[in-house]
Amino acid sequence: MFSDQIAVDIKVPNQTRYLCMIGHIGENIARTLKHYTGDREKLAYDLNLVLTEAMANAIQHASIDGPSKEVHIEINIISKRLIIKVYDFGKGFDIDKYIHPRHPLEEHGRGIYLIRTVMDEINYTKTDSGHVLEMIKNLN
Amino acid sequence: MNLHIDDRGAAVLLTIEEERLDAHNSGDLKTQMLKLFEEGKNNLVVDLQAVRFVDSSGLGALVSGFKNASSRNGSLKLTGLQLQVKSMFELTRLHRVFEIFNDIDEALGSFQQ
């Protein structure tokens, strides 16, 4: 039986100094899962990456009131599905503009493309107070 | 960010002494590279040996350095890429943009030919 049931709920100030901490939580989840049979170190890097990108995105593009605001992150594993939700409290952005690969010489706008590449599903939807970026990976 | 800068004549060697190159410190790297360009030092080798994690912002800083060096008739080359960092360059097709060397001497030597 697949018994990796994990629920993590984090709120941190929307400052880039916390990216490392959040990324490491993703890495540690990948290394600790009991029943994952895939490439554990690749999963660790990928979870570090998507959490870093999603949080940086929430800080840089979506928040409107500066560093007093928080970023809210939920990580859940239920029935072999890893679901990460990153909430922001800002105006949001058009995700479709960033889903495809950028020209190699572009300096910005690769984050969403990278998330889409390493995860199985990505959704960006409106909430009462902002938006939520939902990222799903099947842990087969 | 912890960064060591060493002028080796034909090129300047920038050794990034951080485990992560991300949205928290990539701005510092861009600033340091711009200072070098302003001093007329347009040939750079960036050593990423210590870096085990890079995000889109870190890649963007290196692209910025590459474009600035190229526009000044110089070049920015890379060395010391760990396996997973190298995968990030491949995922974004940046391995076709940068010259990537296995070791520092090879990268520095390429400027003397």
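This is a predicted model: local features need pLDDT of at least 70, side-chain atom pairs count only at pLDDT 80 or more; totals for chains, interfaces and linings use all residues.

Biologist: How many helices and strands does chain A have?

Modeller: Helices (H or I, at least four residues) and strands (E, at least two) are DSSP runs, numbered from the N terminus. Chain A has three helices and five strands, in the order β-α-α-β-β-α-β-β along the sequence. In chain B there are four helices and seven strands, and the pattern reads β-β-β-α-β-β-α-β-α-β-α.

Biologist: What is the radius of gyration of chain B?

Modeller: The radius is taken over C-alpha atoms, and the globule rule is 2.2 Å times the number of residues to the power 0.38. Chain B has 13 Å, which agrees with the value near 13 Å for a compact globule of 113 residues. The C-alpha trace of chain B spans about 30 × 25 × 25 Å along its principal axes, and that of chain A about 45 × 35 × 25 Å.

Biologist: Which residues of H3(A) are buried?

Modeller: Buried means under 20% relative accessible area, exposed over 50%, and partly exposed in between (1.4 Å probe, protein chains only). An α-helix has 3.6 residues a turn, so residues three or four places apart point the same way. Helix H3 of chain A, residues 111-118, is mostly covered, with six of its eight residues buried: Gly111(A), Ile112(A), Tyr113(A), Leu114(A), Ile115(A) and Val118(A). Over the whole of chain A, buried residues make up 49% of the 140 residues; in chain B they make up 51% of the 113 residues.

Biologist: How many residues does each chain bring to the contact?

Modeller: Contact means heavy atoms within 4.5 Å. Chain A brings 29 residues and chain B 24 residues. The size of an interface is often given as the accessible area lost when the parts come together. Buried area is this loss, found with a 1.4 Å probe and summed over both parts. Between chain A and chain B it is about 2200 Å², with 58% from carbon and sulfur atoms. Tyr45(A), Leu105(A) and Glu107(A) supply 31% of the area that chain A buries against chain B, more than any other three residues.

Notes:
Residues are numbered from 1 along each chain as its sequence is written. Chains are lettered from A and ligands numbered from 1 in the order in which they are written. Side-chain values use heavy atoms; hydrogens and water are left out. Buried area is the accessible area (1.4 Å probe) that two parts lose on being put together, summed over both.
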